[in-house]
Amino acid sequence: MTIREIVKALGLKVLAGEAHLDREAKGGYTADLLSCVMAGAQQGQIWFTLQTHLNIVAVASLTGVAAVVVAENAPVSAETIEKAEEEGVVLLSSVPPTFETIAKLVKLGF
């Protein structure tokens, strides 16, 4: 499933990385501790988090995740969005709680 398909199916907002929405997503990972993400997230996964600071872009680049979904409509700074765009990181936002967003994704057969 592509990021574009997931964005449409879940009603996600694209904050950065519009040019990279045709990437294939290969599973998901959920964590807010950056050290856990660096140790556990796999290339091509979608990372779900409540973190919004600039370091999420660095971790996304390091791990090679397909996209970062900031859940629960957490506010993301312009600085983080700008850095994600520069680094080619797809940065998305969802309104519902993380669990609900992931549950919808699972129902889609992801």
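How many cavities of 30 Å³ or more are counted in this structure? In the predicted model, the count comes to one cavity of 30 Å³ or more. The largest cavity has a volume of about 30 Å³. Its lining is formed by L10, L12, S94, P96, T101 and K104. Grouped by class, the residues lining the largest cavity comprise three nonpolar, two polar and one charged.

Helix packing was examined for α3 and α4. Two packed helices are described by the angle between their axes and the distance between the axes. Helix α3 spans residues 55–63 and helix α4 spans residues 78–87. The axes of these two helices come within 9 Å and cross at roughly 20°. Because angles under 35 degrees count as roughly parallel, α3 is therefore roughly parallel to α4. The crossing of α3 and α4 is right-handed.

On the α3 side, the contact is made by I56, V57 and S61. On the α4 side, T80, K83, A84 and E87 take part. By class, the residues of the contact of α3 with α4 divide into three nonpolar, two polar and two charged.

Technical notes
Residues are numbered from 1 along each chain as its sequence is written. This is a predicted model: local features need pLDDT of at least 70, side-chain atom pairs count only at pLDDT 80 or more; totals for chains, interfaces and linings use all residues. Side-chain values use heavy atoms; hydrogens and water are left out. On a 1 Å grid over the protein atoms alone, a cavity is a set of points where a 1.4 Å probe fits but cannot get out, and a pocket is an open set with protein on both sides within 12 Å along at least five of seven lines; lining residues have an atom within 4 Å of a point. Grid points are joined across faces, edges and corners, and a volume is the space filled by probe spheres set on the points. Ala, Val, Leu, Ile, Met, Phe, Trp, Tyr, Cys and Pro count as nonpolar, Asp, Glu, Lys and Arg as charged, and the others, Gly among them, as polar. Axes are lines fitted to C-alpha atoms, for helices over the stretch in contact, and angles run from 0 to 180 degrees between N-to-C directions. Helices (H or I, at least four residues) and strands (E, at least two) are DSSP runs, numbered from the N terminus. Angles under 35 degrees count as roughly parallel, over 145 as roughly antiparallel, 65 to 115 as roughly perpendicular and the rest as oblique. A crossing is left-handed if the near helix is turned anticlockwise from the far one by less than a right angle, and right-handed if clockwise. Contact means heavy atoms within 4.5 Å.
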